[in-house]
Amino acid sequence: MKRNLQIKELFLKNFDKPITELKFKNLYELIVCVMLSAQCTDKRVNLITPNLFKAYPDIKSLANANLSSLKSYIQSCSFFNNKAQNLIKMAKAVCENFNGEIPLNEKDLKSLAGVGQKTAHVVLIEWCGANFMAVDTHVFRVSHRLNLSKAKTPEATEEDLTRIFKDNLNYLHQAMVLFGRYTCKAKKPLCKECFLSHLCTSKDKEI
Ligand code: SF4
């Protein structure tokens with residue numbers, strides 16, 4: 001347990017209130033960015049969104065979007081066919097069921113097309129600073145290399161991390177994303193410069 005707390009403290013010390021690399025100006029842009037970022041890089045999403053938000057500046061314009069036109073804006077994004085359909089369905093549901101206001105609770109967010117637990121949590125983390133964990137590919141890899149979880153699914157990994165860390169989960173989530181993206185990378189992790197190296201016994205460790 002002491003080791004887990006040391007890991008937590010070191011993440012918080014090395015990442016001072018980290019924020020997402022997605023670029024957004026309001027809650028509408030945030031939810032669209034997060035939906036597009038599933039199995040796609042933030043870099044790619046940031047290239048797509050300036051023109052996308054010029055064409056569809058708010059939830060109402062997205063709800064009324066023509067599917068083929070919307071696809072043409074996001075076609076460089078992975079799974080763009082499904083994402084385009086879900087974006088329109090999500091926007092329609094927000095207009096019809098929530099008076100055009102994107103809901104800020106997990107249950108209502110998860111009622112929207114294309115919004116699962118991870119997307120809902122990331123929106124609540126980024127917009128409200130909510131004490132939630134969200135497990136993407138980076139957080140999953142880092143958790144397992146650091147032996148914080150042995151769970152097979154992102155959902156069960158999220159439960160482990162939430163139980164272990166308890167608070168500051170929003171910052172820890174973002175710290176683990178950035179740590180996984182730039183240091184504890186899938187291929188060739190930068191173990192020599194890793195601030196957790198002394199606590200890591202992963203078979204992937206390269207020293
Ligand atoms: S030592 Fe290497 S494998 Fe272990 S956490 Fe650090 S970067 Fe990842």
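A: Happy to! Let's start with the classes: Ala, Val, Leu, Ile, Met, Phe, Trp, Tyr, Cys and Pro count as nonpolar, Asp, Glu, Lys and Arg as charged, and the others, Gly among them, as polar. Please keep in mind that this is a predicted model. By those classes, the shell around the ligand holds seven nonpolar residues, one polar residue and two charged ones. Its members are Arg145, Leu146, Phe179, Cys184, Pro189, Cys191, Cys194, Ser197, Cys200 and Lys205. As for the space itself, the ligand sits in the largest cavity.

Now for the wider chain. The protein chain splits into domain 1 (2-18 + 133-199) and domain 2 (27-128), and the C-alpha centres of domain 1 and domain 2 are 27 Å apart. Where the two meet, nine residues of domain 1 are in contact with seven residues of domain 2. Together domain 1 and domain 2 bury about 640 Å², with carbon and sulfur atoms giving 53% of that area. On the domain 1 side, Ala134, Glu158 and Arg181 supply 42% of the area buried against domain 2, more than any other three residues.

Across the interface of domain 1 and domain 2, the rule finds one salt bridge.

Notes: Residues are numbered from 1 along each chain as its sequence is written. This is a predicted model: local features need pLDDT of at least 70, side-chain atom pairs count only at pLDDT 80 or more; totals for chains, interfaces and linings use all residues. Side-chain values use heavy atoms; hydrogens and water are left out. A residue is near a molecule or strand if one of its heavy atoms lies within 4 Å of it. On a 1 Å grid over the protein atoms alone, a cavity is a set of points where a 1.4 Å probe fits but cannot get out, and a pocket is an open set with protein on both sides within 12 Å along at least five of seven lines; lining residues have an atom within 4 Å of a point. A molecule sits in a cavity or pocket if more than half of its atoms lie within 2 Å of its grid points. Domain bounds come from an automatic or database domain assignment. Contact means heavy atoms within 4.5 Å. Buried area is the accessible area (1.4 Å probe) that two parts lose on being put together, summed over both. A salt bridge is a side-chain nitrogen of Lys or Arg within 4 Å of a carboxyl oxygen of Asp or Glu.
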